[in-house]
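Please find below some notes on the model that follows.

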Amino acid sequence: MDETVVKWLYTPNCQQEAINLLSKLAVNLPGVIFQVLQRQDGSVFVPYVSSGCQYLYELEPEALQADFQVLYKLIHPQDIKAFRESITVCKTTLTPWHWEGRIITPSGKLKWIQGTSQPELQAEGNFLWNGLVVDITDRKLAEEKLQESEARYKAILDAIPDLMFRISRDGEYLDLKSEGANITLSREEIVGKNLQELLPSDVAAISQVAIAKTLDSGTLQTCEYQLPTPLGVKDYEARLVVSGEDEVLAIVRDITERKQAEVKLQNLAKKFAKAFSCSPDSITISTLGEGCFIEVNDSFVKLAGYERDQVIGKTSFELNLWVDDRDRLNLLQELQATGVVRNLEVEFRQKSGEIITTLVSAEVIDLDGNKSILAVHHDITERKQVEAQLRLCGERDRLLAETLVRIRSSLNLDQILQTTVTEVRQFLQADRVFISLNNPTLGIRTLAESVDPKYPSVLGWSTNDEAYLQELRNLLKDNLVRVIEDITKISVSPKVKAHYRKFQTKATLAVPIMLNNELFGALIANQCSGSRHWQPIEIDLLQQMSEQVAIAIQQSQICQKLAELNTNLEQQVQERTAQLQQKMQEVEKLHRVKDVVLHTVAHDLRTSVMGNLMVLKNLFNQGVGKDKGTRGQGGQGGQGGQGGQGGQGRIIEESHLSPPNAQSPIPVPRSIIERMIQGNDRQLTMINSLLEINSCEKQGIDIKREPVDFSTLLRVTFTQLEPILTQNQAALKNLVPADLPLVMADETRLQKVLSHLVTHSLQNNPPGLNFILSASVEGGMIRTQIQDDGVVMSKLECDRLFDLHVRDPQDCCSTGIGLKMYLCRKVIKAHGGEIGVISNRKRGLTFWFTLPLATSATNRP
């Protein structure tokens, strides 16, 4: 470090300026320099915190700046109160803040820290705190070890600055003057004692030497030493003069504050010098007016290429550092206007002549009364090169993507090849780019070319010289890229050299086009203006483009083959079409026969079943009438042909019923008649379902949509289902909200869907089933759920429940139920919704279906 800089750091007027510089440059300081702004509203803003917080707090500076309150969490619980009180007192009295306490770092370490700051009340009422926090853990540990000795010396050391001692040559205290001194030891406890008894051994030794020198030379002697006190380690100065034969008078003074100021200034100078010299960025101090260098660090020497003695005393203009002199003018204008410049991008010239790009941050400082510039240069040359490389990569990727799109969207091979060579030449800034193909019959010929008008064209060039052609093929054999930066430095045949001369080629880059692992052609770039260094990204581009060209050529060949095949395929399609039409006519005849059979059988079955039902119900009703007086309560539950379920556990009397004109009555149990009625009901329902399914498959479901109040629909439907629920001892819990929006639906068909779902659960479970009905709006749809606590189903059964003809051979009702479930799905699908069933883990099923909401035109007001 130059002596001028050091002297500047020691001047009283520059202490604050040195701290500001240190906050910018001291990366490896052991303490933490901070600046905190506390606003009137209580919020805290941290403009700056040094990187020392990584060591002290184990936190990144950005973390403290984002949330200053994180420091409060680190303070030891026993010290947090004293910390808050010190802040309050400092803000109230505007006195310097000083606090010592413990923190617990994120890793669990216990540290002692010491914080000092000077609060500044700004005009707007905010408090600005500039301060320093240092680690005093070692000192605290040392204090603990010295507590025993501190107790011994405490009384006398508190008053040493105001004490006068008479001490003999051998170190015995002869007398003292202690008026006004803060001393607790009595005169008797001091006088007569030796230095070795009251002072630490090292201090006693220093004092003994000073006494001997004073007595031997007869002149004033001064010695300085440190002593531990309850307030920390203090510095003392003792002045000794001869006061008698073999005795001296010692006047002891506390010089702690002076020593601390000196140490602080020395530390600042050392830290600044360390930060200055160790910074990875180039740092310079130069005069404001002339730009004459006063000091530079090692990073500048490395960056500029000049030795330090070649720079100091010279101006930047003399060293020819500025690529553009206007950059320094702009820098000076900005410094004169604001006093500071941040991240100004400037180009500099190194000693070797190479141009580099840096970000300059500068500030005007006062150095021995002279205005100077402190500048930091961050080299971003590599970053700029990477950015340029990324731009080239982006352009390359764009070119490849566009080529790929053209290949996929166009079958015009000539257009694809011509566009490819044009854009590749534009990207490479080459003089010529062309594509040549290797035809075993026709030889080598050029199909597409983009060339600078100043140079000859190779488009249409070809040759039949087989030896020459073979040599050209050998140059690209084994799928190798041929890179020639200067054709004068390679060894080739006279024919190839003549070829290069004819077309004025000075450098060439050739990439083979391979099809099925054979050389099909080449994508070639020429530089005719001179030699050229081909960049890796340029070679990579041609390699990838050659692959795309190979795809385009292969695609073109495939298209030609497809065109040939298409002619044959059209004839085959016509033949197959005629065959299919004939088959379709045959299928239509079969469908007509199926419809006739289905309607005939269904009509006959319906007539027979309905006739049986009429007869059986008349017989059943006659039997009920005759036994009404004798059955009592046992006949309940026979309503609607379902009485067999209501008479469980009771003996059903036989009814002596006989058809008309019978010669003798045939006794028939009523339970048999009931089961016959139930069976005929199921057959009739199944026949109706079959007819409806057939109609749906042919014509679709006719849905008569209209705005429907879904809450009311659900309430009315389940009111109608109350008899069958009661008959099966089932209970329903309705959780449907009353304010559901309208849906566009066919009310009659939805009621059938709800009835089919409930009937399915009742018929597949014993009596006593519990239902939970719920509905909610989800994403423009109403989702309805019917949950029961009956038996569960496997996932396969759930997936196939709504398929056509899902039947269980052990269940006589399964076919009818399957038809109803299939119709349910048809109806919900026709409404634009979905339907399904979920088997609950513990027990029961949950049927669900969705319906779209009505349009806004039909919504409720």
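1. What percentage of the 861 residues in the chain is buried? Buried residues (under 20% relative accessible area, 1.4 Å probe, protein chains only) make up 41%. This is a predicted model, in which local features need pLDDT of at least 70 and side-chain atom pairs count only at pLDDT 80 or more, while totals for chains, interfaces and linings use all residues. Residues are numbered from 1 along each chain as its sequence is written, and side-chain values use heavy atoms, with hydrogens and water left out.

2. The chain has 26 helices and 30 strands, taken as DSSP runs (H or I, at least four residues, for helices; E, at least two, for strands) and numbered from the N terminus. Of the contacts (heavy atoms within 4.5 Å) between residues at least 6 apart in sequence, 56% join residues at least 24 apart.

3. Helix α22 spans residues 710-720, and its buried residues include Phe710, Leu713, Leu714 and Phe718.

4. α22 packs against helix α24 (residues 747-763) at an angle of about 50°, with the axes 10 Å apart; axes are lines fitted to C-alpha atoms over the stretch in contact, and angles run from 0 to 180 degrees between N-to-C directions.

5. On the α22 side, residues meeting α24 include Phe710, Leu714 and Gln720. Among their partners in α24 are Leu750, Leu754 and Val758.

Technical notes
Buried means under 20% relative accessible area, exposed over 50%, partly exposed in between (1.4 Å probe, protein chains only).
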